[in-house]
Amino acid sequence: MDPRYHIADTSEIISPALIVFREQLVDNLRRMIAIAGRADRLRPHCKTHKMPAVTRIELEHGIGKHKAATFAEAEMLADAGVQDIFLSYNLVGPNIRRAVEFRRKFPLVALKVQADHTRPIAELGAAMSAAGLTCEVILDLDVGQHRTGVEIGPAAKQLYQQIASTPGLVPAGFHVYDGHQHQKSRDERRAAVLHEWERVLKFRDELVASGLPVPRIVAGGTGSFPIYAELSEPTLELSPGTCVFNDAGYSEHFPDLVFPAAALLLTRVVSRPTADRITLDLGYKAVASDPPVGKRLQLLDLPDAEQILQNEEHLVVRTARANDFQPGDELLALPWHVCPTSALHKQAYVVSQGRVVDRWDVIGRDRWITV
Ligand SMILES: Cc1ncc(COP(=O)(O)O)c(C=O)c1O
């Protein structure tokens, strides 16, 4: 048993439970700030935790700029006191109207949204102008993930010009997310990231030379932000998410990055159906199921266990140590992918110095709050 994850009394923890270890969380925030060099170079993505309590700890550490993927996450951030929010998701349908409502409800929040196409830019501009409001818009550049974003080139320049010339909109820079850069070797990852970065800089310089302001470039996730952090570019904002909690997936993908696990799952044995199996109350309603069965988590004290079946409320594992377990016995699990795992829990138990000290709401997991 790793002493950092010892919990003196688990009797009141309803399993399966998400447990946040406060000291490890704060340790990770300090490591992120140390890598960035300064807290105000960071714009962490709240998708990993979705919790006002974590946001407030980030604010206490001087992290004032934040990133979100949904209006619920953005509202969670605003309610927690954040005044500079980048909603890095393309707005379509009712989300255009929600951007107006968000600006009305939180007039002191500098809301930035993302765009990569002419139609939503026009719709957002019309909606903001009609409401007598403005909104900052960040152009999403595709630097190789091919998920969203526009390729660097004349079409991207035209879109940025459109943002700049649309009443109600303010051009606010570029978004450069490179979640596909998963090279295990730091040197190989650096080379790939910097190759794209050079193209982004050249494009930025071209736009600035033509009179367009590009006040910021929001870049990177956990694997790449340490690489951007080495650059002296003053407009860079670094946007890691996962490393706030870290998970088994990133520990394997990025062996160069040492962030202690700050969010684990507490599970209990509910059955021992055969001589070599135990069944845990850790179904896919409690741990993200985007990895394949067998790879969705690591059992800290049962590393040899083979995950052979998972249903909504059950996880069956095969282990030579099955005989050592009885119903009610507890284990801690590290999720492979923590961001969608936190979305599965209404609350997280908070452990500090070995004791459960609080429960934190996972507010941002909802589709909408009020806006
Ligand atoms: C747009 C965007 N920015 C930042 C992040 C954070 O990246 P990571 O989880 O690698 O820290 C993500 C993660 O999915 C993302 O989609």
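## Domains and overall form

In this predicted model, the C-alpha centres of domain 1 and domain 2 are 37 Å apart. Domain 1 is made of two pieces of the protein chain, 3–15 and 258–364, while domain 2 covers 83–239.

The protein chain contains 10 helices and 16 strands. Its radius of gyration is 22 Å, close to the 21 Å that the globule rule gives for 371 residues, so the chain is as compact as a globular protein of that length. Along the principal axes, the C-alpha atoms fill a box of roughly 70 × 45 × 35 Å. Of the 371 residues, 46% are buried.

## A β-α-β unit

Strand S2 (residues 65–68), helix H3 (residues 71–79) and strand S3 form a right-handed β-α-β unit. S2 and S3 (residues 84–90) run parallel and are joined by four bridges. Asp 84 in S3 is the bridge partner of Lys 65.

The side chains of S2 point two ways: Lys 65 and Lys 67 to one side, His 66 and Ala 68 to the other.

## Surroundings of the ligand

The ligand is surrounded by 13 residues. The closest are Tyr 177, Gly 221, Thr 222, Gly 241 and Thr 242. How does the shell divide by residue type? Nine of its residues are polar, three are nonpolar and one is charged.

## Backbone details

The peptide bond from Ser 15 to Pro 16 is cis, with omega near 0 degrees. Pro 16 is placed in the segment before strand S1 (17–21).

Lys 50 lies between helix H1 (22–36) and helix H2 (52–60), and His 146 between strand S5 (135–140) and helix H6 (154–165).

Which of the two classes, buried or exposed, does each residue fall into? Lys 50 has 27 C-beta neighbours inside 10 Å and the cut-off for a buried residue is 20 or more, so Lys 50 counts as buried. His 146 has 9 such neighbours inside 10 Å and a residue with 12 or fewer is exposed, so His 146 counts as exposed.

Definitions and conventions
Residues numbered from 1 in each chain as written. Predicted model: local features only at pLDDT ≥ 70, side-chain atom pairs only at ≥ 80, totals over all residues. Helix = DSSP H or I, 4+ residues; strand = E, 2+ residues; numbered from the N terminus. Pairing = 2+ DSSP bridges. Right-handed = clockwise from strand over helix to strand, strands pointing away. Near = placed C-beta within 6 Å. Nonpolar A, V, L, I, M, F, W, Y, C, P; charged D, E, K, R; others polar. Domains from an automatic or database assignment. Rg over C-alpha atoms; globule rule 2.2 N^0.38 Å.
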